[in-house]
Amino acid sequence: MSTTTATFTRDQIKQAVTDGFQMAADESGVSFTNSDFRMTRARLWGNLRRIDKAATDTPGEPTYTRDQIQTALNTATDAGPKAADDIDNFAVNATLTLLDNPDAAFGDIVEECYGEDADVVAGWLADAA
């Protein structure tokens, strides 16, 4: 039996990042366009471009494994001028969950990633804003 590793295109990643960060913004009350979120997204794309350069022998549109995306996103988040907070961590978890399940809602992400009641996590996000 062979096992395959799912890969994701830039368009799939862009959609998951947009939706994940928008959900974090909506639930916390911060702006989706705040400088912290913008810089994290920019650093993520820079990290993915470095992966592209390392894989010069792969023809066609680049694709990325979930592990590559997770590493690139965590690195981008940790490289910010301040320590990652609950909002940043939720944005990362939401993005990764949405890669696997694009229809996941806030409650689905909370259940999968936190094992807490959605209201509890919503409170964390509101307190971090």
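## Packing of α4 against α6

In this predicted model, the helices α4 and α6 pack at an angle of about 130 degrees with their axes 8 Å apart (axes are lines fitted to C-alpha atoms over the stretch in contact, with angles from 0 to 180 degrees between N-to-C directions). That makes α4 oblique to α6, since angles under 35 degrees count as roughly parallel, over 145 as roughly antiparallel, 65 to 115 as roughly perpendicular and the rest as oblique. Asp86, Ile87 and Phe90 of α4 meet Val121, Trp124, Leu125 and Ala128 of α6, where contact means heavy atoms within 4.5 Å.

Helices here are DSSP runs of H or I with at least four residues, numbered from the N terminus. Residues are numbered from 1 along each chain. Local features need pLDDT of at least 70 and side-chain atom pairs 80 or more, whereas totals for chains, interfaces and linings use all residues, and side-chain values use heavy atoms, without hydrogens and water.

## The two sides of α6

Within α6 (residues 118–128), Val121, Ala122 and Leu125 are the buried residues (under 20% relative accessible area, with exposed over 50% and partly exposed in between, for a 1.4 Å probe and protein chains only). The buried residues of α6 pack against α1 (10–28), α4 (86–100) and α5 (106–113), while Asp119 and Asp127 are exposed on the other side of α6.

Asp85, in the loop between α3 (66–78) and α4, counts as partly exposed because its relative accessibility is 21%. Asp85 and Leu125 are 40 residues apart in sequence, yet their C-alpha atoms are 8.8 Å apart in space.
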